[in-house]
Amino acid sequence: MADFGGGDLDAFRSEVRGWVEANFPASLKGKPNPMMREERSNPSPDQEAWRKAVGAKGWGTPTWPAEYGGGGLSAAEGRVVMQEFQRAGAYNPIGGMGVMMFGPTLLEYGTEDQKKEHIPPICRGDLQWCQGFSEPGAGSDLASLQCKAEDKGDHFVINGQKIWTSGAQYADWCFCLVRTDTSKKHEGISFVLFTMHQPGVEVRPIPLIAGNSPFCETFFTDAIADKKNLVGPLNGGWTIAKRLLQHERSGLSGAGGGGYAGGRGLPKLAKDYVGVDEQGRVADSDLRTRIILNEIDGRAFQQTAVRAMMEAKGNSGPSAATSIMKNAGTRWMQDKAELTLEIMGHQGLGWEGDAFTGEELGAVRSWLGGKATTIYGGSQEVQNNIISKRILGLPDLTQNN
């Protein structure tokens, strides 16, 4: 579809608004996106209907090519779709690692057959993906990974272990870094895809303080990856992995959200819990100031994120600037989560029980779970190293020692 402008874009907005009004279930209005796969494993009829409707339209991935199940929209039209979802109190039901990381990477590096096989189910939300990157001995130094794939003719046999595999217990497929050449470090890594529903794949969830288990230990014992699911050249997986991590950091930066405030936003939340003064403002002037500063940070960040995404499209993908956005976005979300609990007062300290609403319990879990955002996807320290070397051009002092 063409990149509408002016009145044409207004006409498109009216079309989207009418479609959302006709298809978005009223029972879901204002409710948080059930992003955790634990909730998606048993969706309500309305949740399932909304997912199927958006997936069929391609508007969960609005700017992806229509020939693979995306919306085929321009960037401007894609923003209109998301704005109209937000206006209606609707969430985008198509997400996860397939959308945030793997899909954009496969669109760039995959063969035509790989795109036709794997992209449409992502656009429809039919399948969930997990990421097989980190290992117990390969975290910050990811290229030291040892999970091995042996060439057996038409397939690879995979043996090894991965850790912090988010959502592995619910995933249908895995995009995985494996070692296919032990004589080289970076040049001995390949990027393969395989189903999680096969013998030889064992997943052990790791319980976290937030009360759920999104991260897992994953073990592979003679697991199979077909040769047709080798992405890129043999031993060329490191280049693909670096690009995928840029997409991940762009997604984790929080361009689409920021903390948990029950869908009301901090100003409305504070007025409901703290009260208002005679001018209708949040009664606590110090809290009011800090909320305003957080709102300013959030809006400035979101505008910068949109600009960065537009620049990335012109540069054939995200750049090292995603490291800046990841650090800034995760800090903003953590600050927002802290403010949310402060606003709720003692009601923001509950873990279970009828004395607390679902919104209040969700805020506590969001606050605890959000502590990990400055670590996963590459810690703040890792991002600072990338910023210093690739953006600021500072010397690598370790090479001089």
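## Helix H12

Helix H12 covers residues 380-391 and has 12 residues. Helices here are DSSP runs of H or I with at least four residues, and strands are runs of E with at least two, both numbered from the N terminus. From its first C-alpha to its last, H12 reaches 15 Å, close to the 16 Å expected at 1.5 Å a residue; the expected span is 1.5 Å times one less than the number of residues.

The model is a predicted one, in which local features need pLDDT of at least 70 and side-chain atom pairs count only at pLDDT 80 or more, while totals for chains, interfaces and linings use all residues. Residues are numbered from 1 along each chain as its sequence is written, and side-chain values use heavy atoms, with hydrogens and water left out.

Which residues in H12 are buried? They are Gln-380, Gln-383, Ile-386, Ile-387 and Ser-388. Buried means under 20% relative accessible area, exposed means over 50%, and partly exposed lies in between (1.4 Å probe, protein chains only). An α-helix has 3.6 residues a turn, so residues three or four places apart point the same way. Just after H12, Gly-393 takes a positive phi of about 70 degrees.

## Helix H10

Helix H10 spans residues 321-344, which is 24 residues. Its reach from first C-alpha to last is 35 Å, close to the expected 34 Å. Because 17 of its 24 residues are buried, H10 is largely enclosed by the rest of the structure.

## Strands around S7

Strand S7 (residues 215-226) pairs in the antiparallel sense with strand S3 (residues 155-163) over nine bridges. Two strands count as paired if DSSP finds at least two bridges between them. Opposite Phe-219 in S7 stands Gln-161.

S7 also pairs in the antiparallel sense with strand S6 (residues 201-206), over six bridges. Here Val-201 has Phe-220 of S7 as its bridge partner.

## Aromatic rings

The structure holds 15 aromatic pairs. Rings of Phe, Tyr and Trp (its six-membered ring) pair if their centres lie within 6.5 Å; planes under 30 degrees apart are stacked, over 60 edge-to-face, and the rest tilted. Phe-301 and Trp-332 form a tilted pair, 5.6 Å centre to centre with 40 degrees between the planes. Phe-301 lies in helix H9 (residues 285-314) and Trp-332 in H10, so the pair ties together parts that are 31 residues apart in sequence. Both Phe-301 and Trp-332 are buried.

One aromatic cluster is formed by Phe-12, Trp-19, Phe-24, Trp-50, Trp-59 and Phe-85.
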